[in-house]
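Colleague: Hi! Could you walk me through this one, please?

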Amino acid sequence: MAIYRFRISFEDFDDINREIDIKPGQTFEDLHRAIHKSTGYNAEKPSSFYVSTDNWIKGEEIALMPNQRKIDNGVVLMEKAKISSFIEDPHQKFYYIYNFERPYDFHVELIKIILENDPNIEYPYIVKSVGEAPKIMDKSGSVGSVNVASSSSSDDFDFLNEMDFVPEDTDELEAMGGRGINAQEEDEEDESEEDDVFSNDEDEYGNDDYSEDRDDY
């Protein structure tokens with residue numbers, strides 16, 4: 001029996017990839033679970049493979065845990081879809097979206113057809129694993145495998161979060177003429193400068209003038 005070897009790579013992380021061997025009679029759910037055995041992600045998430053063109057344009061969908069709308073439209077289910085039924089090209093490609101709640105996109109490409117399987121190997125079999133899968137944070141707050149980009153959030157963004165900033169606040173900031181959060185502090189500085197000016201004037205007309213007047217009398 002022949003074996004399909006697929007290369008699976010993150011769309012946004014070209015240097016992270018996996019190679020997985022799978023039997024033609026196994027299903028897309030088997031491939032899905034093998035991918036996440038290699039990434040450490042929770043496989044129990046709504047996900048889909050799409051038959052793809054060479055330019056990664058999505059075609060027919062093959063879904064796991066689809067919503068009711070997809071079910072009503074007759075979407076193909078992963079657990080019932082054999083890999084071999086969707087191989088039309090020796091370099092067949094599939095576009096794969098994992099976890100529609102917090103999606104990651106993958107490119108899945110058939111890179112080799114091995115004519116005989118190894119009886120000592122349990123398929124699907126992870127042949128090669130390059131790079132550590134980026135970590136993601138579930139809605140529950142548990143770490144599934146913190147997104148790489150999450151650690152790069154700016155200090156400004158964190159500051160606004162601490163101030164309980166919401167998008168509607170931008171209207172209020174614009175109404176303040178772009179003066180922003182520190183407007184009151186600037187007003188206080190202006191008042192202190194005016195006080196300094198009056199203080200200097202008093203010094204110019206100080207005790208020396210009064211003493212001269214007293215000498216004239």
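Colleague: Is Glu29 buried or exposed?

Modeller: Glu29 is buried, because its relative accessible area is 18%; buried means under 20% relative accessible area, exposed over 50%, partly exposed in between (1.4 Å probe, protein chains only). This is a predicted model, where local features need pLDDT of at least 70, side-chain atom pairs count only at pLDDT 80 or more, and totals for chains, interfaces and linings use all residues. Residues are numbered from 1 along each chain as its sequence is written, and side-chain values use heavy atoms, with hydrogens and water left out.

Colleague: Thanks! Which side chain meets Glu29 in a salt bridge?

Modeller: Arg33 does, at 3.0 Å, N to O. A salt bridge is a side-chain nitrogen of Lys or Arg within 4 Å of a carboxyl oxygen of Asp or Glu. Glu29 and Arg33 are four residues apart in helix H1, so about one helical turn separates them. Helices (H or I, at least four residues) and strands (E, at least two) are DSSP runs, numbered from the N terminus. Arg33 is partly exposed, at 30%, and a network of salt bridges links Glu29, Arg33 and Glu44.

Colleague: And how many residues of H1 are buried?

Modeller: Nine of the 12, so H1 is largely enclosed by the rest of the structure. Among them are Phe28, Leu31 and Ile35. After H1 comes Gly40, with a positive phi near 85 degrees.

Colleague: New topic: how many salt bridges are there?

Modeller: The count comes to six. One of them joins the side chains of Lys70 and Glu61 at 2.7 Å, N to O, and both residues are buried.
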